[in-house]
Amino acid sequence: MKRASSQAAAFGHLSWKCLPIKSKVNLELSLTCGQAFRWRIFENDSFVGVFQHRLWQVKLTGKKFQYKVLACPHWCAKKEQEMKQSKTSSKVCSCHLSEDKLVKDYFRLDEDVEQMKKIWIENDPNVEKALKETGNLILFRQEPAENLITFLCTQNNNVSRIVKMVENMCSELGEKLIDLDCGDNVQTFFDFPPLERLLCDDITEKLRELGFGYRAPYVQKCAKMIDSNGGMKWLEDLRDNQPYEEAFNKLQSLPGIGKKVADCVCLMSMDKLEAVPIDTHIRKIALRDYSYKLSSKTLTDKTYKDLGNFFREKWGNSAGWAQTILFARSLPQNIHLYQL
């Protein structure tokens with residue numbers, strides 16, 4: 001996403017589509033707590049963000065989840081002048097036929113969070129206390145390759161820098177979706193670059209120029225190994241057919257992917273809700289709120305697994321979702337980083 005000077009598209013006339021949700025959720029915190037880094041605050045309590053090759057606008061009204069699709073690759077293929085002259089929201093593709101399903105899938109709208117909460121709260125008053133402060137949070141179901149490459153960039157990093165790095169990568173290497181009229185300015189939104197683009201010989205140097213530092217070569221090396229393993233089909237097999245432990249271990253065979261990032265990917269895009277990413281925030285929470293005793297000062301393979309098992313015993317098969325709530329509660333408010 002970047003500021004644009006060309007003719008912008010405005011889709012204020014598009015009607016909202018509505019989907020029911022089972023429980024009220026804190027959408028703002030869900031979108032800004034470090035799960036995904038491409039959502040931005042927009043108009044009228046809504047957010048805009050890119051997933052599944054589209055630019056979406058989303059908001060909550062009571063127990064209704066509302067959304068619009070502002071751009072997809074097929075719109076992008078039309079000349080901007082034609083879009084301006086047509087003054088219509090009619091689509092030249094059939095993308096809209098799958099949009100409800102994509103939204104339900106990404107935002108996990110059909111998950112029974114209330115049932116999960118009963119298990120968490122029954123075994124852990126700390127989660128109940130956290131929920132009173134944060135409200136229900138959504139655990140996004142992200143696309144595996146984007147989730148993996150994005151979180152490769154999070155290591156030894158801060159949210160402000162991660163947000164900029166991911167946007168720089170998309171604007172430099174991704175397909176343009178739209179110039180969006182945002183009132184005071186115009187912002188250009190881009191799709192996440194496909195895996196094939198990250199295989200190119202120029203990627204490492206380009207990413208260094210974009211501020212990726214030592215992480216730059218890992219992106220290309222990681223993309224190449226994913227490709228040699230079978231590409232997207234390999235990632236989908238980890239998600240759909242492999243148990244948590246198997247997926248967790250195989251992800252760590254990729255260059256630059258350690259235990260925490262492997263768990264983040266397992267949790268956020270591999271449907272392994274039992275994955276509990278352990279970082280300094282969660283480690284501090286374990287020591288402070290649970291009087292957990294680490295067997296060593298550093299997180300070895302054994303101590304990492306033991307701490308994850310500790311939380312899995314408390315929170316059950318959806319332990320990673322409960323961890324997301326405690327993690328979000330522990331973070332400083334970063335809402336300003338998600339302004340357009």
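When I say that two residues are in contact, I mean that they have heavy atoms within 4.5 Å of each other. Hello everyone, and please keep that in mind as we look at this predicted model together.

Leaving aside neighbours within four places in sequence, Asn147 is in contact with Gln142, Cys264, Val265, Met268 and Ser269. You will find Asn147 in helix 7, which covers residues 144-152. Is Asn147 buried or exposed? Its relative accessibility is 0%, so Asn147 counts as buried.

How many of the nine residues of helix 7 are buried? The count is nine of the nine, which means that helix 7 is largely enclosed by the rest of the structure. Reading along helix 7, the buried residues are Pro144, Ala145, Glu146, Asn147, Leu148, Ile149, Thr150, Phe151 and Leu152. And what do they pack against? Their partners are helix 8, helix 10 (216-229), helix 11 (232-240), helix 12 (244-251) and helix 13 (259-269).

Helix 8 is our next stop. Val166 sits in helix 8, and this valine is buried, with a relative accessible area of 0%. Not counting residues up to four places away in sequence, Val166 touches Arg38 and Thr150. Take a look at the pair Val166 and Arg38: they are 128 residues apart in sequence, yet their C-alpha atoms are 7.7 Å apart in space.

In soluble globular proteins, nonpolar side chains tend to be buried together. Here, the largest nonpolar core has 78 residues, and those with the most contacts inside it are Trp120, Leu148, Leu207, Phe212, Leu251 and Trp315. Helix 8, residues 159-173, supplies the largest share of this core, with eight residues. There is also a second, separate core of 21 residues, and among its members are Phe47, Phe107, Leu109 and Phe140. Going back to Phe212, if we set aside neighbours within four places in sequence, it is in contact with Cys153, Met165, Met169, Leu207 and Val219.

Next, let me show you two helix pairs. Two packed helices are described by the angle between their axes and the distance between the axes. Helix 5 (residues 113-123) and helix 16 (residues 319-330) have axes that come within 10 Å and cross at roughly 80 degrees, so this pair is roughly perpendicular. From helix 5, Val113, Met116 and Trp120 meet Trp321, Ala322 and Ile325 of helix 16. By class, that contact has six nonpolar residues, no polar and no charged.

Helix 16 also packs with helix 15 (residues 301-315), at an angle of about 100 degrees and with the axes 9 Å apart. Helix 15 and helix 16 are therefore roughly perpendicular too. In this contact, Phe311, Arg312 and Trp315 of helix 15 meet Ala319, Ala322, Gln323 and Leu326 of helix 16. These divide into five nonpolar, one polar and one charged.

Last, the cysteines. Cys200 counts as partly exposed because its relative accessibility is 30%, whereas Cys72, at 2%, counts as buried.

Methods: Residues numbered from 1 in each chain as written. Predicted model: local features only at pLDDT ≥ 70, side-chain atom pairs only at ≥ 80, totals over all residues. Heavy atoms only, no water. Helix = DSSP H or I, 4+ residues; strand = E, 2+ residues; numbered from the N terminus. Buried < 20%, exposed > 50% of the residue type's maximum accessible area, 1.4 Å probe, protein only. Axes fitted to C-alpha atoms, helices over the stretch in contact; angles between N-to-C directions. Parallel < 35°, antiparallel > 145°, perpendicular 65-115°, else oblique. Nonpolar A, V, L, I, M, F, W, Y, C, P; charged D, E, K, R; others polar. Core = buried A, V, L, I, M, F, W, Y, C linked by side-chain atoms within 4.5 Å.
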